[in-house]
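I am opening this notebook to record how the two chains meet.

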There are 2 protein chains.
Amino acid sequence: MIDVSLLGTGGMMPLPKRHVTSLLLRHNGASVLIDCGEGTQIALRKKGWSFKPIEAIFLTHFHADHIAGLPGFLLTMGNAGKTDPLTIIGPKGTVRIVSAVRTLAPELPFEVNAREIEGNEETFIFAGLTVTAFRVQHTITCYAYKVELSRGGRFDPVRAREAGIPLKFWNPLQKGQICEEDGKTYTPDMVLGGERKGIKLVYATDTRPVPVIAEMAEGADLFICEGMYGEPGMDDKARQNRHMTMQEGAALAAKAQPEMLWFTHYSPSLMRPEQFMDEIREIFPRALAARDGQEITLTFKEDE
Amino acid sequence: MIDVSLLGTGGMMPLPKRHVTSLLLRHNGASVLIDCGEGTQIALRKKGWSFKPIEAIFLTHFHADHIAGLPGFLLTMGNAGKTDPLTIIGPKGTVRIVSAVRTLAPELPFEVNAREIEGNEETFIFAGLTVTAFRVQHTITCYAYKVELSRGGRFDPVRAREAGIPLKFWNPLQKGQICEEDGKTYTPDMVLGGERKGIKLVYATDTRPVPVIAEMAEGADLFICEGMYGEPGMDDKARQNRHMTMQEGAALAAKAQPEMLWFTHYSPSLMRPEQFMDEIREIFPRALAARDGQEITLTFKEDE
């Protein structure tokens, strides 16, 4: 399972009652963060989740509302007792950004590594999660992220019995281990069916509604998408600023058919994003105007 | 007069209900800011004062709780329509810090100048205020600031009449202008007494209670001083971390005899600083445990 917490939902700048967009994902006691604008450490403190187990911070792009919280965030991770290395991953230029961050936060009790995403798509594994960065379309280089947790095949006791596998090996085989006895080797594929549907979520902000987003979000458990504008007549502005309207986000969801769509990254002038949800749900019914601290636990489906 | 707003009162890190210490001073429509930790832009937005007229940002030192808010603060100044140059002043290394900040906030519609304080004491004039940086004692190079607004002498109508100065020149002479007519020159010193007591405030954090602070704060209208610790038994910790206790701050005030003492920069563990004020007021009676957004307008005294 993956615990999902959308720490903030603001775009452009932090407001007294709205933190800028940032996503924390927790799996098996480890975490990854996506984006870290100013005040993200305060949002996380409000949430009460720990700073220490964060293994990686992914950056979509280098606009300040996505990176300006890094110096303070890193220092607070240090104060929380983190000593394991942290990796910061983002577009080309991440090494330079991390170097500037270290100028502002020079003394940390853990190592900080910077990794720059290569090409249009690259996959990383942190906190047991498979995170794929894929290029989207903003005013500067920007990536969206697909996060996946895979699930092994179902254990098949009939096959195990037919293959004559001793009972004591059933459990280790289920866990993916290879077992040997009396010159015989038993492998997991002898008792497990094909891989089952895992968990998938996609986080896409700040971008035009390019088709790759719908492809990546296809059948996702959760699609988190920018909802910069909701009011009528903002199409030109969205195109010009390389953002999208909620209507455009909902149209992506209508193609991808995720279980849920959460909007985030609202324009500072958009104080009540939920007012557009009736209209939006005509395009895609399972849409939510997420709020700061919005939280869900995504689990494997029982019967799939 | 000077409008004083203590935007935050926290030390070390921002908390959900306490911004880090930062001081905004406004005079005649222009402003200066001292210190800019993470979230200072949010604190200023809560206050409702304008970002645009800030001419200079003074930094006491380079710990993140005093500088990590700069990238976002500068961008928000730009969004507020600032086009006049901004000067950032601080210890040796300010050029490097400003360069790192500009890496995180590259696109600004105004010029940013960096100035490094020379030696133990240097004076600057911004927003019509005379700001003197003076070296104090922390774990890294740190300056406190004395801010002064001078006041011209009182107009003396008896002297003006005796000197035969035409009535139409009285007002311009009071304002410091030189007037001429029929080959005669009239100068302000002919009608004005000696300079009167102006307004003075001192801002001192993070530092040991070194004697220069009391000297600078002598007779000040307002002495803003760190109150990192208040509970008993913290003397060693204060010495070790190069901070001071509220008792030490009050002792400085007892020497300097300012009109008022405000504490700020509380340790994150010190949630109710006002609980120590009874004890503190036995050392210096006019002490206040300031809160986020604490505000006062300092004016010239009527009868001095």
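**Interface of chains A and B**

I looked up the buried area first: chain A and chain B bury about 2,400 Å² between them, 69% of it on carbon and sulfur atoms. Buried area is the accessible area (1.4 Å probe) that two parts lose on being put together, summed over both. Glu38(A), Ile42(A) and Leu104(A) supply 27% of what chain A buries against chain B, more than any other three residues.

This is a predicted model; local features need pLDDT of at least 70, side-chain atom pairs count only at pLDDT 80 or more, and totals for chains, interfaces and linings use all residues. Residues are numbered from 1 along each chain as its sequence is written, chains are lettered from A and ligands numbered from 1 in the order written, and side-chain values use heavy atoms, without hydrogens and water.

I then listed contacts (heavy atoms within 4.5 Å): 29 residues of chain A touch 29 residues of chain B.

**Helices in chain B**

I checked α1 (residues 40-47) and α3 (residues 70-79) of chain B, which pack at an angle of about 45° with their axes 8 Å apart. Helices here are DSSP runs (H or I, at least four residues), and axes are lines fitted to C-alpha atoms over the stretch in contact, with angles from 0 to 180 degrees between N-to-C directions. Thr40(B), Gln41(B), Leu44(B) and Arg45(B) of α1(B) meet Gly72(B), Phe73(B) and Thr76(B) of α3(B).

Definitions and conventions: Helix = DSSP H or I, 4+ residues; strand = E, 2+ residues; numbered from the N terminus.
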